[in-house]
Amino acid sequence: MAESNTCANHEAQRAQIQTVYTTLALQPEQAFAWGKGRANARALGYAAPWLDALPESVWESAAAVGNPFALGLLRPGEVVVDIGCGAGADLCIAAQMTGPNGQAIGVDFTPAMIAKSRDNVKRVGLGNVILHQSDIEALPLPDACADVVLSNGSINLAADKTRVFQEIFRVLRPGGRLQFADMVRRAKSDAATPSCDSWADCVAGTLAPERYLELLRMAGFEAVELVAWTGYHTAATTEGATFRALKPA
Ligand SMILES: C[S@@+](CC[C@H](N)C(=O)[O-])C[C@H]1O[C@@H](n2cnc3c(N)ncnc32)[C@H](O)[C@@H]1O
């Protein structure tokens with residue numbers, strides 16, 4: 001069941017999302033509706049070494065809405081999955097944090113983003129990254145394969161968030177951590193329902209933060225919390241937030 005998705009034409013939604021993110025991948029110099037790039041990541045609190053060390057091709061197509069690494073660092077040797085990895089900024093950071101004995105796995109359904117991620121991973125010289133072009137509602141990964149799942153600005157774009165959280169729960173090992181940043185709805189009671197045309201802009205697909213916490217608990221997570229507001233906006237009624245949750249050990 002698609003969670004609160006009154007924009008019923010999923011194929012049109014998907015095409016709209018892929019169009020927006022293909023442009024961001026291939027023509028990053030073009031105007032993007034919201035904050036992006038290295039300056040945006042700096043404003044969201046990414047650590048200077050990551051901002052300085054990764055090349056412009058990594059940052060130019062990055063559309064972070066928060067900093068998932070502020071929720072906890074990754075340990076050497078861990079397996080980390082980035083859900084909706086885009087051009088690979090968080091993926092490259094995760095791959096460097098987990099080191100040669102760890103692994104970073106990126107999943108995104110926009111072919112141009114996966115191609116750019118692959119190129120960026122090569123450019124940075126990382127040998128511990130795997131990329132999958134796939135929908136995050138059906139992860140092409142085995143059960144209990146990951147220590148950590150990350151995401152940044154992507155889950156709000158999925159038509160069925162219930163399914164996404166179930167999939168994340170499935171691929172995490174017992175005791176595994178979910179830490180993500182996403183856009184949520186902070187609608188005032190008199191706010192108009194956003195137009196379906198704004199789905200790809202991270203507006204129409206957003207849910208209230210309480211609903212996100214509820215969906216996470218329904219998927220089986222514990223220690224579920226909204227940790228911080230990020231100050232990123234895609235509309236007057238949306239704001240970025242960071243969330244943390246654990247799969248019971
Ligand atoms: C706002 S961008 C964020 C990208 C990246 N996490 C970052 O911080 O730069 C959202 C990304 O999610 C991807 N995406 C959206 N819906 C998806 C879905 N259902 N399955 C897989 N990828 C999806 C898009 O292709 C896009 O690359």
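## Nonpolar core

Within the largest nonpolar core, which has 74 residues, the members that touch the most others are Val80, Ala89, Val149 and Ile168. Such a core is a set of buried Ala, Val, Leu, Ile, Met, Phe, Trp, Tyr and Cys residues joined through C-beta atoms within 7 Å. A residue is buried if 20 or more other C-beta atoms lie within 10 Å of its own, exposed if 12 or fewer, and partly exposed in between, with C-beta atoms placed from the backbone. Isoleucine 168 is in contact (C-beta atoms, placed from the backbone, within 7 Å) with Ile83, Val149 and Leu178, leaving aside neighbours within four places in sequence.

The model is predicted: local features need pLDDT of at least 70 and side-chain atom pairs count only at pLDDT 80 or more, while totals for chains, interfaces and linings use all residues. Residues are numbered from 1 along each chain as its sequence is written.

## Alanine 146

Alanine 146 belongs to strand β4 (residues 146-152); helices (H or I, at least four residues) and strands (E, at least two) are DSSP runs, numbered from the N terminus. Alanine 146 counts as buried because it has 25 C-beta neighbours inside 10 Å. Not counting residues up to four places away in sequence, alanine 146 touches Val79, Val80, Val81, Val171, Leu172, Arg173 and Gly176.

## Helix α1

The buried residues of α1 are Gln13, Ile17, Tyr21, Leu24 and Ala25. Seen down the axis of α1, these fall within an arc of 100° (taken from the directions from the helix axis to the C-beta atoms), so they line one face of the helix. The cover over the buried residues includes α6 (111-124). On the other side of α1, Glu11, Ala15 and Thr19 are exposed.

## Positive phi angles

Most residues other than glycine have a negative phi. Alanine 144, in the loop between β3 (129-133) and β4, has a positive phi near 50°. With 14 C-beta neighbours inside 10 Å, alanine 144 counts as partly exposed.

Cysteine 202 has a positive phi near 65° and is placed in the loop between β5 (172-185) and α8 (209-219). Cysteine 202 is buried, with 27 other C-beta atoms within 10 Å.

Technical notes. Contact = placed C-beta atoms within 7 Å.
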